[in-house]
Amino acid sequence: ACELTSIPTGLFDNCTEVTNFSRCFYFSKFISIPVGLFDNCTKVTNFSNCFSYCRLLIYVELPISFSDLGKDAFSNCPKLKYIKSKKAVPYTIQSSTFSNTNNCPIYVPDESVDAYRTATNWTELADRIKPMSQFAIDFPDEAV
């Protein structure tokens with residue numbers, strides 16, 4: 001288990017060759033992930049279980065730099081209040097990618113709501129998928 005309570009901003013700024021984040025932060029004790037943490041990690045092919053069992057994690061902005069979130073990437077994060085994605089094209093996910101995530105809303109670009117709701121394995125989450133424009137209404141004290 002990872003005993004981290006926070007992730008330094010810019011931790012992966014020079015990790016352009018990293019391909020595997022499987023179980024990287026499994027069981028960590030932080031409440032948030034710095035926005036843009038994975039921006040330079042364009043070669044990632046395995047994100048499975050990366051944030052599984054991060055039981056204190058309360059919000060997530062999905063990394064925009066890769067397309068496949070893999071199996072159980074955010075599973076068993078029961079305190080999540082919301083998940084945000086700025087990616088227009090839905091990620092490839094497994095049915096377990098977001099299992100046991102407090103049924104929190106998932107905000108996506110307004111023009112991509114239907115694409116997410118109908119994409120493979122996203123259909124199971126369709127009722128949780130909301131347009132990003134709704135985020136400011138649902139969470140007025142949070143940054144958009």
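Asp138 and Lys130 form a salt bridge, and their closest N and O atoms are 3.1 Å apart. The term salt bridge is used here for a side-chain nitrogen of Lys or Arg within 4 Å of a carboxyl oxygen of Asp or Glu. Asp138 is partly exposed, at 28% relative accessibility, and Lys130 is partly exposed as well, at 27%. (Buried means under 20% relative accessible area, exposed over 50%, and partly exposed in between, using a 1.4 Å probe and protein chains only.)

Before going further, please note that this is a predicted model, in which local features need pLDDT of at least 70 and side-chain atom pairs count only at pLDDT 80 or more, while totals for chains, interfaces and linings use all residues. Residues are numbered from 1 along each chain as its sequence is written, and side-chain values use heavy atoms, leaving out hydrogens and water.

## Two more charged pairs

Side chains of opposite charge can pair when their charged atoms come close. By the rule above, the count comes to 3 salt bridges. One of them joins the side chains of Lys86 and Glu61, at 3.5 Å from N to O. This pair links distant parts of the chain, 25 residues apart: Lys86 lies in the loop between strand 3 (82-84) and strand 4 (92-93), and Glu61 lies in strand 1. Helices (H or I, at least four residues) and strands (E, at least two) are DSSP runs, numbered from the N terminus. Lys86 is partly exposed, with 46% relative accessibility.

Glu142 and Lys81 also meet through their side chains in a salt bridge, again with 3.5 Å from N to O.

Four of them make an open sheet in the order 1-3-5-6, with parallel pairing; two strands pair if DSSP finds at least two bridges between them. Strand 1 and strand 6 (129-131) are the edges, each pairing on one side only. From one strand to the next, the twist averages 25°, where axes are lines fitted to C-alpha atoms (for helices over the stretch in contact) and angles run from 0 to 180 degrees between N-to-C directions.

Strands 5 and 6 run parallel and are joined by 3 bridges. In one of these strands, strand 6, Ile129 is the bridge partner of Ile106.

## The nonpolar cores

A nonpolar core is a set of buried Ala, Val, Leu, Ile, Met, Phe, Trp, Tyr and Cys residues joined through side-chain atoms within 4.5 Å. The largest has 36 residues, and Phe38, Phe47, Phe51, Phe74 and Trp122 touch the most other members. Strand 5 (106-108) and helix 1 (113-118) each supply at least two of its residues. Apart from this core lies another, of 5 residues, including Tyr82, Met132, Phe135 and Phe139.

How many disulfides does the structure hold? The number is 0, a disulfide being a pair of cysteine sulfur atoms within 2.5 Å. Cys54 is in none, and the nearest cysteine sulfur, in Cys77, is 5.1 Å away. Cys54 is buried, at 0% relative accessibility. The sulfur of Cys104 is too far for a bond, because the closest cysteine sulfur, in Cys77, is 9.1 Å from it. Cys104 is buried as well, at 2%.
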